[in-house]
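Please look through the sequence and the 3D structure below before reading on.

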Amino acid sequence: MANSLSHTLYTAEQVRQLDYNAIHQQGIAGYTLMERAGKATFRLLRQYCEQWFGKESFHLQVLCGSGNNAGDGFIVAGLAKQKGIEVEVIAVGDPGKLKGDALTAYQWCQAQSVSITPWQENLQLTADVFVDALLGTGLKGPVRETYASVIEQLNSTYKPVIAVDIPSGLCADTGTVLGVAVKARSTITFIGRKRGLYTHHGCELTGEVHFADLAVPELVYHTTPCNSYLLDPSRYLTCLPERYKNSHKGAFGHLVLIGGDHSMGGAITMAAEAALHAGVGLVSVVTRPEQVGGLQARCPEIMVIGCDNPGQIPRLLIGKSALVIGPGLGQSRWSRECLLAAIDSGLPLVLDADGLNLLAVEPTLLEQKKSDWLLTPHPGEAARLLGVSSQQIQQNRFASVEQLASQYQSTAVLKGAGSLVCAKGLIQLANVGNPGMAVGGMGDVLSGLLGALIAQGLSTAEAAGLGTWLHSYSADQLVKLVGGYFGLRATELIPLIRKQINQMAVKSKYG
Ligand SMILES: NC(=O)C1=CN([C@@H]2O[C@H](COP(=O)(O)OP(=O)(O)OC[C@H]3O[C@@H](n4cnc5c(N)ncnc54)[C@H](O)[C@@H]3O)[C@@H](O)[C@H]2O)[C@@H](O)CC1
Ligand SMILES: [K+]
């Protein structure tokens, strides 16, 4: 289902609101939620430990802070003790500061005869597996001592860690590390999925993410407005135009890609090749004359028009469906005039690479906007468009993509780990992709794919959602094929994208 509750992404504040609603509107006791969280974590821990240690016994240490996150940890420790597991709580927070449900959980844990050791400087973290219940959504600002040292020491054990709700030190809203953060093998998150688990450093630190709704009734969610979701590709199944038996090429659009300035032919070639494999009826490339031979040799199906004079472009764009501009565009006078012609055409436009850089140095171009635009910046390009540093973009990717979309009145895709798509105030996160994608050409393939989808009749919002997912998902398939992240070539994605589109088309028809 599109944007179902289980796909929704929340900020820490929104989850606090959900907790509050569950407790005060639905009358579920806070301690009941804590027990459920502890039980869900313990179930997961046992599953993992069965995989990791088989029938062998193992030693568990549960690291607890002094808030409700610690409360969940005390429950896990008590349950482990009941099952005869060798378990110990390391109390990093002062138990004297515990209150409310966390204090109740602590007392219950004590009643199970769990050994509770206060953290000391020379204490050794000796377990086979750890539960991180130090800091959850209540983290404010950079992690302070003693927590920071404990987290560093925990990470240096390289032993498996299951994080409770969120790896301690990771910002639940943005996915940035607040000073230092736990690197978990797995994270189990409660009631609502936290945004920060899925983007930026979150992608690196959470390990496998599991979600437990703690049996909170659906009603609780309806009163908390939200605009962010995990991207669900199934919502796009019906967007692809059907291939009827009597179809002709004109039915599937004509995409034009403009770019390939002097000695920059590779990017436009990759973009065009990707478009060719994504179902568009016709693909044309407008480029410098010197690129024509290479492009035609590589892809004879593409119509290549050599053009040193951008004044010819308006005539070439008559009757076309969509445009991609940016890959290999450069920033010369020719490049700028090409961009002006593209903007003036009124065709839906995918703007990437130097198309974005030119827009950043000349923001008044926005005043000439006549059509839907889809911007596909990486953090560096986004920074130029918004006049900030790329670090600032990364520190708040959700806010950045929203600002890009609203400032440029466009659909925006902010690339990078946990790519974000923003259209009409809605943010979707593509929970696919891998570090092997950090190589040249990947963005060019994406822009060609997006252009091909728009030319086939998808809106910029639909194309951004489906295309971003297809691109990263195909990269994951490629990693499976080649066995790792090294040496992925952007062009290798192209046949996998085609395969996946075809699979989706079959699924949309036959279920
Ligand atoms: N009823 C509820 O509210 C539920 C809460 N749950 C758990 O409760 C957590 C949230 O609990 P809390 O709001 O008590 O917060 P936390 O337990 O996440 O953290 C609060 C504690 O962290 C300390 N702290 C904050 N910033 C710090 C920093 N920068 N450096 C060092 N220490 C810092 C505070 O002094 C406080 O002691 C969730 O993440 C989840 O694990 C779950 O039990 C489910 C139900
Ligand atoms: K935690």
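Predicted model: local features only at pLDDT ≥ 70, side-chain atom pairs only at ≥ 80, totals over all residues.

Residues are numbered from 1 along each chain as its sequence is written, and chains are lettered from A and ligands numbered from 1 in the order in which they are written.

**Around ligand 1**

- Ligand 1 is surrounded by 28 residues, the closest being Gly-67, Asn-68, Asn-69, Gly-136 and Gly-138, where a residue counts as near if its C-beta atom, placed from the backbone, lies within 6 Å of the molecule.
- Helices H2 (30-53) and H3 (68-82) each give at least two residues to this shell, and the largest share, 5 residues, comes from H3; helices (H or I, at least four residues) and strands (E, at least two) are DSSP runs, numbered from the N terminus.
- By type, the shell holds 11 nonpolar, 12 polar and 5 charged residues, with Ala, Val, Leu, Ile, Met, Phe, Trp, Tyr, Cys and Pro counted as nonpolar, Asp, Glu, Lys and Arg as charged, and the others, Gly among them, as polar.

**Strand E12 and its partners**

- In strand E12 (residues 282-287), 5 of the 6 residues are buried, a residue being buried if 20 or more other C-beta atoms lie within 10 Å of its own, exposed if 12 or fewer, and partly exposed in between, with C-beta atoms placed from the backbone.
- Strand E11 (residues 254-258) runs parallel to E12 and is joined to it by 5 bridges, and two strands pair if DSSP finds at least two bridges between them.
- Strand E13 (residues 303-306) also pairs with E12 in the parallel sense, over 4 bridges, and Ser-284 has Met-303 as its bridge partner in E13.

**Helix H4**

- The 12 residues of helix H4 (residues 100-111) should span 16 Å at 1.5 Å a residue, which agrees with the 17 Å between its end C-alpha atoms; the expected span is 1.5 Å times one less than the number of residues.
- The buried residues of H4 are Asp-101, Ala-102, Ala-105, Tyr-106 and Cys-109.
- The face turned away from that buried side carries the exposed residues Gln-107 and Ala-111.

**Glu-50**

- Glu-50 lies in helix H2 and is exposed, because 10 other C-beta atoms lie within 10 Å.
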